[in-house]
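Please open the model in your viewer and keep the selection panel handy.

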Amino acid sequence: MVRLPSALLFILAVSAATSFLPLLEAPAAKAAATGTVRGRVEFLRDQAPTERRPQVADIGMPGRRDVPDQRAAVVYLESAPRGAFEDRAGPTVVLDQKNENFVPHILAITVGTSVEFLNSDRTYHNVFSLSKANSFDLGRYPPGRAKAVRFDHPGIVRVFCEIHSHMNAFILVFAHRHFAVTGPQGEFRIDGVPPGAYTVSVWHPTFTAKSESVRIPEQGGEVEVAFVLS
Ligand SMILES: [Cu+2]
């Protein structure tokens, strides 16, 4: 028979004893329990030729960055859980203008966020929006300058440039923070969701919106959702 060192025997004895006391650990674990809604957004059909994504081999090649990201979608919870409205910090995010494109093409923010429209081009731009809740017109401004707009109302804000008709972007303004813009592979992740039942929806500029029901269990954990847009 293998002889165990006495120190190891002691550890085994302690762990055996504590395993009969699960109640001691439960409160701490329960207080921190939130869940994650994660998954992927895929597309059933191809989009316009402009959807071509930059490849690693293209880095440094001219013209490639002029293609806006046509695959980006926004995934969000339809109804916000309790506590979702408490942290309106009013941050600032940058929406760049590069090679006569808005970068990113799709931006998702919370109400109270200021968006700085930076001009990184060598030409003038004139950013404006006719959206009902958040209309603005920044006028013409030169390279290197930035002008900011604070978005105080939830909704979808379509953004254009008065000088370059092909320039457009979308800003989704949410009344809560439970949303995510999809990554390069269509992946998304919404963290910090309290236990409960939710409707999770996906929005894309040209594809039909979709919704799924999810439930974050009491003990927290990850829930996976797959969207296929057509
Ligand atoms: Cu422009």
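Start with the largest nonpolar core, which has 37 residues. A nonpolar core here is a set of buried Ala, Val, Leu, Ile, Met, Phe, Trp, Tyr and Cys residues joined through C-beta atoms within 7 Å. Select Val74, Val75, Leu107, Val115 and Ile171, the residues with the most contacts inside this core. Next, colour the elements that give two or more residues to the core: β1 (35-43), β2 (74-77), β5, β6 (114-119), β10 (155-161), β11, β13 (187-193) and β14 (196-203). Of these, β11 gives the most, with five residues. The core also draws at least three residues from each of domain 1 (34-43 + 68-81 + 180-230) and domain 2 (86-175); domain bounds come from an automatic or database domain assignment.

A few notes before the next stop. This is a predicted model, in which local features need pLDDT of at least 70 and side-chain atom pairs count only at pLDDT 80 or more, while totals for chains, interfaces and linings use all residues. Residues are numbered from 1 along each chain as its sequence is written. Helices (H or I, at least four residues) and strands (E, at least two) are DSSP runs, numbered from the N terminus. The chain has two helices and 16 strands.

Now centre on Val115. Which residues is Val115 in contact with, leaving aside its neighbours within four places in sequence? They are Val93, Leu95, Leu107, Ile109, Ala148, Val149, Phe151 and Ile171, where contact means C-beta atoms, placed from the backbone, that lie within 7 Å.

Move on to strand β5 (residues 106-110). Five of its five residues are buried, so β5 is largely enclosed by the rest of the structure. A residue is buried if 20 or more other C-beta atoms lie within 10 Å of its own, exposed if 12 or fewer, and partly exposed in between, with C-beta atoms placed from the backbone. Show the side chains: Ile106, Ala108 and Thr110 point one way, and Leu107 and Ile109 the other way.

Next, select the open sheet of four strands, in the order β4-β3-β6-β9, with mixed pairing. Two strands pair if DSSP finds at least two bridges between them. At the edges stand β4 (101-103) and β9 (146-150), each with a single partner strand, so one side of each is left without a neighbour in the sheet. From one strand to the next, the twist averages 25°, using axes that are lines fitted to C-alpha atoms, for helices over the stretch in contact, and angles from 0 to 180 degrees between N-to-C directions.

Zoom in on strand β3 (residues 92-98), which pairs with β4 in the antiparallel sense over three bridges. Lys98 stands opposite Asn101 in β4.

The loop between β3 and β4 holds Asn99 and Glu100. Neither is a glycine, yet Asn99 has a positive phi of about 50° and Glu100 one of about 60°. Asn99 is partly exposed, with 15 other C-beta atoms within 10 Å, and Glu100 is partly exposed with 14.

For the last stop, select Pro104, in the loop between β4 and β5. The peptide bond from Val103 to Pro104 is cis, with omega near 0°.

How values were computed
Two residues are in contact if their C-beta atoms, placed from the backbone, lie within 7 Å.
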